[in-house]
Amino acid sequence: MFRVGSHISSAKGYLAMGRDAVKIGANTFQFFVRNPRGGRAKDINPADVAAFLAFAKENDISSILAHASYVLNIATNDERLRTFVRETVADDLARLENTPGALYNIHPGTRKDRPYDEAVASVAANLDAAIPAKMSSTFLLETMSGHGGELGGRFEELQDIMDACKRGGKFGVCLDTCHVFSAGYDIVGDLDGVLSDFDKAVGLDKLKAIHLNDSMFPFGSHKDRHAKLGEGEIGWDAISRIVNHPSLRDLPFYLETPNDLAGYAAEIAELKKRYGPKAVKKKSPAAKKPAPARRKKKAE
């Protein structure tokens with residue numbers, strides 16, 4: 001099944017998000033757990049959550065993705081910011097236990113002028129302190145464009161973080177098409193090669209979600225600016241190959257394009273037109289056994 005949705009405002013609660021998803025033809029969605037530019041989060045309304053879970057079951061909504069706040073730099077070693085990061089991530093994950101099976105996506109952080117290994121160690125220390133031993137959510141690190149000391153601009157960096165974390169074996173990756181294109185991975189001309197690189201560095205089994213965005217800036221620019229699907233440097237042909245690729249087509253796709261709900265509805269409708277049936281491998285016909293040679297009758 002094609003699992004596709006978009007980013008939806010959480011201002012009116014879970015049930016409202018579910019209804020908005022259905023309105024635009026989606027069967028999943030992404031939302032911010034709290035203010036993306038701050039630390040505030042609304043109180044959880046148990047009645048709203050219960051109503052949403054029932055609505056989601058009736059409308060086949062699953063794999064909802066919670067996006068962490070942009071202000072969280074999980075690579076920080078500043079004592080005050082470190083405490084804020086750890087407490088916020090822990091609270092986000094606790095909130096997601098209200099919607100079991102959700103995905104939690106976070107940017108890997110920025111090291112600025114610090115040595116790479118030191119920044120990775122900081123990420124590991126912060127996440128190990130924040131992530132509980134048991135949780136129903138899947139924790140995702142997002143691929144980034146590699147601008148200004150961002151971690152996650154190379155696939156190997158994501159694996160380095162997972163290796164450094166005590167709970168890293170339970171992590172996954174959210175691949176952002178705009179980000180990897182901007183980082184220098186040619187998903188337009190060599191999608192198979194990019195996925196091969198990812199498999200070698202991280203493992204395709206750890207790829208759990210796709211942020212499906214076009215890119216306002218050209219290949220390898222290291223600039224993170226999303227464009228509407230088909231209106232950027234990636235284009236519809238490449239996007240069609242992405243959603244239909246055998247290694248990607250069964251993953252959930254989330255649109256983060258600069259759109260309102262009507263714009264998302266139009267993009268989802270177009271994606272559904274382009275999402276083809278899964279290729280079925282044809283069994284090679286069994287080789288026919290040669291007919292037994294007829295024995296010649298002896299001359300009488």
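In strand E10, Phe253 is the bridge partner of Val4, and three bridges in total join E1 to E10, two strands that run parallel. This pairing belongs to a closed barrel of eight strands, in the order E1-E2-E3-E4-E5-E6-E7-E10, with parallel pairing; neighbouring strands of this sheet are turned by 30 degrees against each other on average, direction ignored. The structure is a predicted model, in which local features need pLDDT of at least 70 and side-chain atom pairs count only at pLDDT 80 or more, while totals for chains, interfaces and linings use all residues. Residues are numbered from 1 along each chain as its sequence is written, and side-chain values use heavy atoms, with hydrogens and water left out.

**The chain as a whole**

- The protein chain has nine helices and 10 strands, where helices (H or I, at least four residues) and strands (E, at least two) are DSSP runs numbered from the N terminus.
- Of the 300 residues of the protein chain, 49% count as buried; buried means under 20% relative accessible area, exposed over 50%, and partly exposed in between, with a 1.4 Å probe and protein chains only.
- Along its principal axes, the C-alpha trace spans about 110 × 45 × 40 Å.
- Among the contacts with a separation of 6 or more, 77% come from residues 24 or more positions apart, a contact being heavy atoms within 4.5 Å.

**Strand pairing in the barrel**

- Strands of a sheet pair through backbone hydrogen bonds, either parallel or antiparallel; here two strands are said to pair if DSSP finds at least two bridges between them.
- E1 is also joined by three bridges to strand E2 (residues 28–32), and these two run parallel, with Gln30 in E2 as the bridge partner of His7.
- Together with helix H1 (residues 14–23), E1 and E2 make a right-handed β-α-β unit; a crossover is right-handed if, with the strands pointing away from the viewer, the path from the first strand over the helix to the second runs clockwise.
- Strand E6 (residues 171–176) and strand E7 (residues 207–212) run parallel and are joined by four bridges, and Val173 stands opposite Leu207 in E7.

**Helices against the strands**

- Helix H9 (residues 261–274) has 14 residues and reaches 20 Å from its first C-alpha to its last, close to the 20 Å expected at 1.5 Å a residue; the expected span is 1.5 Å times one less than the number of residues.
- The buried residues of H9 are Gly263, Tyr264, Glu267, Ile268 and Leu271, and seen down the helix axis they fall within an arc of 130 degrees, so they line one face of H9; the arc is that of the directions from the helix axis to the C-beta atoms.
- Strand E1 (4–7), E7, helix H8 (235–244) and strand E10 (253–255) are included in what covers those buried residues of H9, whereas the face turned away from the buried side carries the exposed residues Ala262 and Lys273.
- In helix H7 (residues 191–201), the buried residues are Leu191, Gly193, Val194, Leu195, Phe198 and Ala201, and their cover includes H5, E6, E7 and H8.
- Helix H5 (residues 155–164) lies across strand E5 (138–142) and E6, running at about 140 degrees to E5; axes are lines fitted to C-alpha atoms, for helices over the stretch in contact, and angles run from 0 to 180 degrees between N-to-C directions.

- Asn105 lies in strand E4 (residues 103–106) and is buried, with a relative accessible area of 0%.
- Leaving aside neighbours within four places in sequence, Asn105 is in contact with Leu65, Ala66, His67, Ala68, Leu140, Leu141, Glu142, Cys174 and His211.
- Thr99, in the loop between helix H3 (79–96) and E4, counts as buried at 3% relative accessibility.
- With neighbours within four places in sequence again left aside, Thr99 is in contact with Tyr14, Val49, Phe52, Leu53 and Ile64.

**Residues with positive phi**

- Most residues other than glycine have a negative phi, and most peptide bonds are trans.
- Ser63, in the loop between helix H2 (46–58) and strand E3 (65–67), has a positive phi near 55 degrees although it is not a glycine, and counts as partly exposed at 28% relative accessibility.
- Lys112, also not a glycine, has a positive phi of about 55 degrees; Lys112 lies in the loop between E4 and helix H4 (116–130) and is exposed, with a relative accessible area of 62%.
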